[in-house]
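Here are my notes on the model you sent over. Have the structure open while you read.

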Amino acid sequence: MPIFVREGNAIKEKIDSMPGIFRYSPDKELDKEIEEISNAGINAVLLFGLPNTKDALGSEAYNPDGVVQQAVRRIKSIREDMIVACDVCMCEYTDHGHCGILSVRGEVENDKTIEQLGRIAVSQAMAGADIVAPSAMMDNQVAAIRKALDLNGFGSLPIMSYSSKFASAFYGPFREAAGSTPKFGDRYSYQMDPRNLREALRETKLDVEQGADILMVKPALSYLDVLSALRREFTLPVAAYNVSGEYSMIKAASINGWIDEERIVDEILNSIRRAGADIIITYFAKEYLTRTAKRNKKDQKL
Ligand code: PBG
């Protein structure tokens, strides 16, 4: 289950573009949500942070006292067995909203960025993260992060790599949720071309060679063919990210009474599983599991 954490106190803030999803401050508000999702049967979360200050280098992302680092410590202190994965990226932390460091010409500087990603991953590991999940789509980012982790005593910390992340319009609601819309341009120079399956396989192979432990396809629904290709071609666990736009479309139609949300979510999650996902990252997780638990109880009574 993805969770948005926002710097501050006593915050539980609605996200307009994602009905049912909130931003939490890393205090009692976050505790309550963690208790709830844990009681629903979710054993892992993926954290995204919203800092109070942003700069050109995204330096809040590796502040030992940054919002994500605080959240990791908080979650671990109340539910030690909750698996905490952290998004490793810069777009929520840079004042320009791009996923890396920019040159004077406004282009993302790949090699400077991957050093920065290494620093971010190490600071998350030091806070107690169980998994780091790089989503910046820079070349050689997995190798750089692996090296940084190894050098800092985190040789066994796994990397869940967004190995095939497409430049997709389905991230729209997330960018509102995380305040990470690029101020200019787009992400086409680093994210992948949605039309290209073979590039996805090439990029994934590179991540495997660099030491990725879990692979990922993102978004999920328009890319189920990519998911099943990854399942066939590689032996590592494969995660699928059922992204914000895929969530919000269902919610919008459901709020209007146009669809049967429960049945649709059931079908969607099963289609992702059928295509080969070992792990599903979805904003529906809490509602879905709460519902299925109730249904199972009812079935047992019959
Ligand atoms: C950060 C990041 C994004 C998402 C996950 N990590 C946004 C983006 O690439 O613009 C999107 C997740 C979602 O839409 O649910 N780079």
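1. How many helices and strands are there in the protein? There are 10 helices and 10 strands, where helices (H or I, at least four residues) and strands (E, at least two) are DSSP runs numbered from the N terminus.

2. Before going on, a word on the basis: this is a predicted model, in which local features need pLDDT of at least 70 and side-chain atom pairs count only at pLDDT 80 or more, while totals for chains, interfaces and linings use all residues. Residues are numbered from 1 along each chain as its sequence is written, and side-chain values use heavy atoms, with hydrogens and water left out.

3. As for burial, 55% of the 302 residues count as buried, meaning under 20% relative accessible area with a 1.4 Å probe, protein chains only.

4. Now the cysteines. The whole structure has zero disulfides, a disulfide being a pair of cysteine sulfur atoms within 2.5 Å. For Cys 91, the nearest cysteine sulfur is that of Cys 89, 4.0 Å away. The sulfur of Cys 99 also has Cys 89 as its closest cysteine partner, at 3.6 Å, too far for a bond. Both sites are buried: Cys 91 has 5% relative accessibility, and Cys 99 has 1%.

Methods
Buried means under 20% relative accessible area, exposed over 50%, partly exposed in between (1.4 Å probe, protein chains only).
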